[in-house]
Amino acid sequence: MVRLHLLNIDTNSEGIYYRSSDEAPAFIGNLRTSYNQELKVRARWLAKYLSSMEEEVLENTINQKIGRWAIEFPIQSNPGNTMDFYE
């Protein structure tokens with residue numbers, strides 16, 4: 001969330017505080033679209049489906065289905081610079 005500029009981190013003598021950034025309301029607004037509501041339905045289905053799998057089967061399924069993503073998505077050289085990821 002920090003990388004996407006949705007959170008700001010503040011510190012003081014009492015600890016670390018997280019607060020929403022100026023960009024957060026627009027992001028939250030997008031979560032209420034019909035597309036995102038349908039995405040939530042599918043995410044719940046996927047969680048239910050995967051939770052019934054044994055750990056070894058789940059691990060093999062993830063490796064087969066999405067393990068290659070590590071190759072397809074670039075690794076950020078500078079975690080503070082989100083543009084490395086999107087370019």
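This is a predicted model: local features need pLDDT of at least 70, side-chain atom pairs count only at pLDDT 80 or more; totals for chains, interfaces and linings use all residues.
**Ser21 and its surroundings**

The side chains of Ser21 and Glu23 are joined by a polar contact of 3.1 Å (a pair of N or O atoms within 3.5 Å; within protein, one must be able to donate a hydrogen and the other to accept it, and residues adjacent in sequence count only if both atoms are side-chain atoms). Residues are numbered from 1 along each chain as its sequence is written, and side-chain values use heavy atoms, with hydrogens and water left out.

Ser21 sits in the loop between β2 (15-20) and α1 (24-30); helices (H or I, at least four residues) and strands (E, at least two) are DSSP runs, numbered from the N terminus. With 5% relative accessibility, Ser21 counts as buried, the cut-offs being under 20% relative accessible area for buried, over 50% for exposed and in between for partly exposed (1.4 Å probe, protein chains only). Leaving aside residues up to four places away in sequence, Ser21 touches His5, Leu6, Leu7 and Asn8, where contact means heavy atoms within 4.5 Å.

His5, one of these partners, lies in the segment before β1 (7-12). Its relative accessible area is 44%, so His5 is partly exposed. The phi of His5 is near 65°, a positive value in a residue other than glycine.

Of its 87 residues, 8% count as buried.
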